Amino acid sequence: MGNHSDGSPNHSGTVATAGQNEVEKFQDPGIPPHRLRLADTDPRAAKRAERQVALLFGISVVGTLIFLVAYFAIDLGDDSSIATIRLQNALLGIGTAFAMLGIGTGIVHWAKALMPDHEVSEERHAIRYEEDRQAAVRIVDDIVEETGIKRRPLIRNTLLGAVALAPLPAIAIFGDLGPRPDDKLAHTMWAPQDGKRKRLTRDPDGTPIKASDVTIGSAFHVIPEGLNELEEGKLNEKAKSVVLLMRLDPASLNPSKGREEWGYNGIVAYSKICTHVGCPVALYEQQTHHLLCPCHQSTFDLTQECKVIFGPASRPLPQLPIAVDDEGYLVATSDFHEPVGPSYWERDSHERSINS
Amino acid sequence: MSAASTAEPAFVAKTKTGRITDFVDSRVGGSGILREFGRKVFPDHWSFMFGEVALYSFVILLLSGTFLTFFFDPSMAETHYDGSYVPLKGVEMSVAYSSSLNISFDVRGGLFMRQVHHWAALLFVASVAVHMLRVFFTGAFRRPREMNWVVGCVLLILAMAAGFTGYSLPDDLLSGNGLRIIDGVIKSIPVIGTYISFFLFGGEFPGTAIISRLYMLHILLVPALILLMIVMHLFMVVVHKHTQYPGPGRNDNNVVGYPLGPVYAAKAGGFFFIVFGVIALMAAFFTINPIWNYGPYDPSPVSAGTQPDWYIGFVDGALRLMPGTLGNWHVEQIFFGHVFTFNVLLPALVPAGILFTVMFTYPWIERWVTKDDREHHVLDRPRNAPTRTAIGMAGFVWYCVMWAAAGSDLIATHFGVSLNDVTYWLRALFFVGPIIAFIVTKRVALALQRKDREIALHGRETGRIVRLPHGEFIEVHAPLDEYKRYKLVGFESPQVQPAVPNEHGVVTRKEKRRALLSRWFFEDRVAPATPAELEAAHGHGHEAVEAAEGTKSLTH
C-alpha cells in the first residue's frame, strides 16, 4: 500500500507542466462491450419478467378499484368526523399510489428487463451551418434594404419615438389598482371621536377592560372599542390598532420625558404590530418583561419603553397613551403619536405632522 | 417515407392502425417528425431524472390545480362558516378560507387533491433547484447551452412565484401572516414602496382584493409563463441534444444512450406514473398545510414556530439574521426626511440579488475567465472542475445558512439552546460558511482527482496482503480494464490562461483581472494520467502486481 500512495504533486508529477496537454492521451477504447441480461439468454427468466410486469399492471388495477371504493363507499355526510376524512384521504391516496406506481414500475421494469438495452451512438450535428448563416445575413440585409429604413431617418426616428411612448398608457392604466396612500397609515381607530375617548376592549369579544382587572404580571390582547361593529374595513383597522396591555411594577417602568402620564398605575399599552415587517408581537415574557415577535424574533424591552434589544427590528414599539375614565375603564387619551407597524418611505414626515 | 411514396405512388397501409396513422400523416405530415425523433438517442443517468421530476410534478400541478379551481372561491367577502368542520362552525371568515375548508371537508377527494397539489408544488420547486445544481456542478450550462441555463433560472423564479401566490390563497392565519411580511418588505422599498403596497392590496393591508389578484396570477399568468418557458427549455434540449457523462465511447461529437423508442420513452413515461404515485403516497400519509388548525386570517394572533414554504425560507431567514440595531445605532436611517429601512431592504434584496445575479451570469463569467468558447456536450465530473464545484458549494452553503435561519426558533427549541446564540452563530456562518465550504470543497475535489490518478495508474486496492518470497508484504492492486481507466483519465483539465496583449500590444486592466481569475481557477490542478505515466508506474512495483495476479490465477 505504502509504495503506491504517494500521489502528492511533487512526487509523481501530478502538477501539470507547460506543454503537458501535448503529451499523448489515453485513447478512447469505445463503448464497452454489451453485456447480456438474464432475460436475454434464459427464456424462463424472460417469461418471469413478463409475468412480473403483468403483476405490476394488475396491482395498478387493484389501486384504481381501491380509489373508487373509497370514493363511493365512504360517506362524508353533514357531520363527518376528522377520522372519516382522514380514512378517506388515506384510502384515496393509497389507491392512486398503487394505480400510478403499478403502471410506472411495470413500464420501467418492462423497459429494463425486456426491451433491447443496447447503447447506441448517434452523431451530433452542427447547430448551424456556415452556408445557412451567410444566407440568413443576406436575407436580413435584403429586408432592411427593402424597407429603406436606413435611407429614411425621418421614418426611423418618428417610429422609435412612437414605440418608446406607446407603452406608457399600458402602465398608466394600472393606476386604479389602489387608492393613493396619503396619510392613511398614520392614523388608527384610537383617535378620540367627537371628544369621546375610545375604551380598550378585549380581543376578540370587544368587552371593555377595567383598570382593576389588570393585575401585575397580566397581559391583555386589546382592540379599540367599536372595532367589531365596523361594517367595512374591519381587518384593515384591526391590522393597525391591535394593542398589548400589560401591568408591571411602576418602579420598573422608566418613562421618558413627556411620557410619564401615558400609563396608569404601571399599566402600559403598546402597539402589537412589529416595527420590523408587521407581524403581531404576540409573545410576552412575564419574568423578563420582554416582548418577542414570533416571526423574526425581534425582542422589545418593556422596561425601556419597548426598545429593541435583539433581532431585526430597528424601532421601538409605539406606545398608546392610556388613562382611566369615570367608570374605571381604561381609555386611550389619544391616537398613537407615530405611525404603527413597518417603516415606509413617508413615515418620518407623517410622524412629524402627527406631533406638530 | 416520402421517397418511398414517390417510387410506389399508392401506399396502402395493411393494418387498421396503419391506415389511421397514414390518414393523420398524409394531412399533418407526422412521419418526418417520427423519423427524426422516433429513434433519437438519449443518454441515461440517474441525475438526469431531476428535470423529469420537475416536468412531471408540473403536469400533476396542472391536473390537481384544475380540479381545485372548480371548488375554490377567491373572494375576501366576509361569511360565517357553515361547513362540517365543527370547531370553526359559525366563525367569521373570508369566503376564500371557507371554500378551502369546504374543499377539505365537504368535497370528496378534495383534501386529497389539496394535499397532492401542495406536495407537488413543494416537489416542483425542489426538483427544479436540484436539477439546476446538477447542471451547474456538471458544467452542462457551457456553450451551447447558456441560454437554456438562463431559461432554467427564469423557471426557478417562476416556480417560486407560483408557489408563493398559491400559498397565500386559502387566506388562513399562516398565509395571511406571510402576506403581512411581504407587505412589510414592500413598504421598505424607497420612494415607491408605499404605493406598491397600496396598489397590490387595493388599499391598506389586508384589504379585500389581494386574494383574487393572487388567484389570477396563480392560475393564469404564472402557469402560462412557466409553460412557455418549459416549451422553450425542451425545444432547446432537442436542438442541442442531451449532454452525456464522460466515459468510454463518449465524446463531444456523439450521443451515446438509448433510442427514444422504445426504451427511453418507456422509462421516461413510466417515470411520470412513479412520480405521481409517490406524490399520492405523500398526500395520503403526510399532512401538509392543515389550514383548519390555523383559523381564518386575523391581524392579531400568530402562532410561534411558523415557517413559510421551504423555497421562501432563505429570504425569511435572511430577514431574521439582519440586526436592526448595532449597539445604539439604528440600521433604519432617515435621510432628508425619508425613511431608508435598511434592516429590511438589505436582507430582502441583497442575498437573493447576489445569488440570482451570479446564477444568471455564471456561464458568461466562466467563459470569460477560461477563454473557453468551444461546444461542450460531455459533462464534467464535479471533481474535475474543482474551482467551479467549490464556487457552487460556497453558494449552496450560503443559501443553506439563510435557510436554516428561517427555522432558528425551531432549532433553538428543538435542541434546547438559546435562540439568540443560534442567531449569533448563523450570523457568523453567513459570512464564514461559504469561505469554509469553498476551501473544503476544492481540497476534497483535488484529493478525489489524485485518488483517480492513483487508481488509474496503480489499479484498485484489493485488500489482499501478499508476502513475497524475500519477506516483503505488499497489498495487491488489481489493474483496471481500459474502459474503467478511460473513465478516470478521459477528461479535460484546463490550464491557467495568462494575460494576452490585445491588438495594440497592450495588456488591458480587464485582461489582467481575467488572468488573475484564471490563475485562481486553475493554478491548483491535477492533470489526467497519461499512458507514459502508466508505463512508468508499471516500472515501479509492477512485479508485485504481476506476481499477485499470478497468485490469484493459481489459487483459482
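## Exercises on a two-chain model

Strand β8 (residues 299-301) of chain A pairs with β9(A) in the antiparallel sense over 3 bridges; two strands pair if DSSP finds at least two bridges between them. Helices (H or I, at least four residues) and strands (E, at least two) are DSSP runs, numbered from the N terminus. This is a predicted model, in which local features need pLDDT of at least 70, side-chain atom pairs count only at pLDDT 80 or more, and totals for chains, interfaces and linings use all residues. Residues are numbered from 1 along each chain as its sequence is written, and chains are lettered from A and ligands numbered from 1 in the order in which they are written.

### Exercise 1

Solution. 

Step 1. A:Phe300 has A:Val308 in β9(A) as its bridge partner.

### Exercise 2

Task: Describe the side of chain A that touches chain B, by element and by residue class.

Solution. 

Step 1. Contact means that the C-beta atoms of two residues, placed from the backbone, lie within 7 Å. In these terms, 88 residues of chain A are in contact with 110 residues of chain B.

Step 2. The elements of chain A that each supply at least two residues to this side are α4 (82-113), β1 (120-123), α8 (234-241), β9 (307-310) and α9 (347-355).

Step 3. α4(A) gives the largest share of the side of chain A that touches chain B, 17 residues.

Step 4. By class, the side holds 45 nonpolar, 25 polar and 18 charged residues. Here Ala, Val, Leu, Ile, Met, Phe, Trp, Tyr, Cys and Pro count as nonpolar, Asp, Glu, Lys and Arg as charged, and the others, Gly among them, as polar.

### Exercise 3

Task: Work out the strand order of the sheet that contains β1(A), β4(B) and β1(B).

Solution. 

Step 1. β1(A) pairs with strand β4 (residues 254-259) of chain B in the antiparallel sense over 4 bridges. In this pairing A:Glu122 stands opposite B:Val255 in β4(B).

Step 2. β1(B) and β4(B) also pair in the antiparallel sense, over 2 bridges. B:Val41 stands opposite B:Pro259 in β4(B).

Step 3. α11(B) lies across β1 and β4 of chain B and runs at about 75 degrees to β4(B). Axes are lines fitted to C-alpha atoms, for helices over the stretch in contact, and angles run from 0 to 180 degrees between N-to-C directions.

### Exercise 4

Task: Describe how α11(B) packs against α4(A) and against α6(B).

Solution. 

Step 1. The axes of α4(A) and α11(B) come within 7 Å and cross at roughly 160 degrees. The two helices are therefore roughly antiparallel to each other (angles under 35 degrees count as roughly parallel, over 145 as roughly antiparallel, 65 to 115 as roughly perpendicular and the rest as oblique).

Step 2. The crossing of α4(A) and α11(B) is left-handed; a crossing is left-handed if the near helix is turned anticlockwise from the far one by less than a right angle, and right-handed if clockwise.

Step 3. The contact of α4(A) with α11(B) has 22 nonpolar, 8 polar and 1 charged residues.

Step 4. Helix α6 (residues 110-137) of chain B packs on helix α11 (residues 260-285) of chain B at an angle of about 120 degrees, with their axes 8 Å apart. α6(B) and α11(B) are therefore oblique to each other, and α6(B) passes α11(B) in a right-handed crossing.

Step 5. From α6(B), B:Phe112, B:Gln115, B:Val116, B:Trp119, B:Ala120 and B:Leu123 meet B:Ile279, B:Ala280, B:Met282 and B:Ala283 in α11(B). The contact of α6(B) with α11(B) has 9 nonpolar, 1 polar and no charged residues.
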